[in-house]
Amino acid sequence: RQEVLFQAIRANIAVYSIHTALDVLPGGTSDVLADLVDMQNRKPIELLAARSARSKVVVFVPADAVEQVAQALFKVGAGVIGQYDRCSFRTPGIGTFRGSQESNPVVGQAGNYETVEEVRLDVVADNKLLPEVAAAIRKSHPYEEPAFDIFPCTDAALLGLGLGRYGTLPKPTPLKTLIAQIKRRTGLRNLQVADAGNHQITRLAVGPGACDDLVASLTGKTDLFITGEVRHHTALAAVRNGMSVICLGHGNSERITLKPLAKLLAQSLPELRFHLSDRDADPLTLV
């Protein structure tokens, strides 16, 4: 692998490998694999919970000071959403506290249990601004000890991005029929099959490459798992729990997406030419 990179560098060729990103994207490798068996009602097996570059900042402010804290946050760049700035959400509520005898509360007296009308102020902020946001809160907030929380955003999960797909077939189908269909559509002459004895397949899942980690989460939910490769004991466990497994080979389960990808790229970037490698092949062959 390193030698290929060295050759590319020497030839002044840029390399962009999307690999796992292509596995999780709609229309990517997982969906191309699901298309082999006409999967319906498909959803990701494992949602991608990648952290975004932004966080939500929540600060609790006495009602008469909420605007001064909000303006301090806006001044350092918080509250920007797309083409809009100074974005916030404000929810009234009741805050409670009791300061020690050494405290110096703005509201009430030290040692007393106090209730105060406060506002929960929510804004979003780029993670790179968080130190400035925290400093702005402490500087503008009237309390001796302002209370605030920072929650990382997970944009990918909200978009429904994830690895693998699970769903249903248009109608119950024998395992042998699906095997023949996969061979016909991929051009593969051989598949590895762990047959759990399912007479008809209704629910199934797919996962490109090596997806041993997904098998446990599929137990009891699917009749068949189609993937690139699984380990010996994983296949045994799947069959024991009533789930058949079809393995296309690691590279074979991913290579099928190259033609759809080339077509998509050509449509998106018509000024460029795209060529599929005629030397790319599985390193393992049956002899």
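Me: Buried means under 20% relative accessible area, exposed over 50% and partly exposed in between (1.4 Å probe, protein chains only). Why does Asp35 count as partly exposed?

Reply: Asp35 has 42% relative accessibility. That value falls between 20% and 50%, so Asp35 counts as partly exposed. This is a predicted model, in which local features need pLDDT of at least 70, side-chain atom pairs count only at pLDDT 80 or more, and totals for chains, interfaces and linings use all residues. Residues are numbered from 1 along each chain as its sequence is written, and side-chain values use heavy atoms, with hydrogens and water left out.

Me: What makes the contact of Arg42 and Asp35 a salt bridge?

Reply: A salt bridge needs a side-chain nitrogen of Lys or Arg within 4 Å of a carboxyl oxygen of Asp or Glu. For Arg42 and Asp35 the N to O distance is 3.0 Å, so the pair qualifies.

Me: How do you know that Asp31 forms a salt bridge with Arg42?

Reply: The closest N and O atoms of Asp31 and Arg42 are 3.2 Å apart, so this pair also meets the limit. The pair links distant parts of the chain, with Asp31 in helix H3 and Arg42 in strand E1 (residues 40–43), 11 residues apart. Helices (H or I, at least four residues) and strands (E, at least two) are DSSP runs, numbered from the N terminus. In total, the structure holds 11 salt bridges.

Me: Are Asp31 and Arg42 buried or partly exposed?

Reply: Asp31 has 11% relative accessibility and therefore counts as buried. Arg42 reaches 26%, so Arg42 counts as partly exposed.

Me: What makes Asp280 and Arg255 a salt bridge?

Reply: Their side chains meet at 2.7 Å, N to O. They link distant parts of the chain: Asp280 is in the segment after H11 and Arg255 is in helix H10, 25 residues apart. Relative accessibility is 40% for Asp280, which means partly exposed. Arg255, at 23%, is partly exposed as well.

Me: Which residues do salt bridges that share partners join into one network?

Reply: That network is made of Asp31, Asp35, Arg42 and Arg165.

Me: Why does Ala134 count as buried?

Reply: Ala134 is at 13% relative accessibility, so the residue counts as buried. Ala134 lies in helix H5 (residues 130–140). Ala134 and Ala180 are 46 residues apart in sequence and 61 Å apart in space, C-alpha to C-alpha.

Me: What volume has the largest pocket, and which residues lie nearest its centre?

Reply: The volume is about 1,800 Å³. Of 35 lining residues, Tyr16, Ser17, Ile18, His19 and Leu258 lie nearest the centre of the largest pocket. H1, helix H2 (19–24), helix H10 (250–255) and helix H11 (258–268) each give two or more residues to this lining. H11 gives the most, with six residues. A pocket is an open set of points on a 1 Å grid over the protein atoms alone, where a 1.4 Å probe fits, with protein on both sides within 12 Å along at least five of seven lines; lining residues have an atom within 4 Å of a point. Volume is the space filled by probe spheres set on the points, which are joined across faces, edges and corners.
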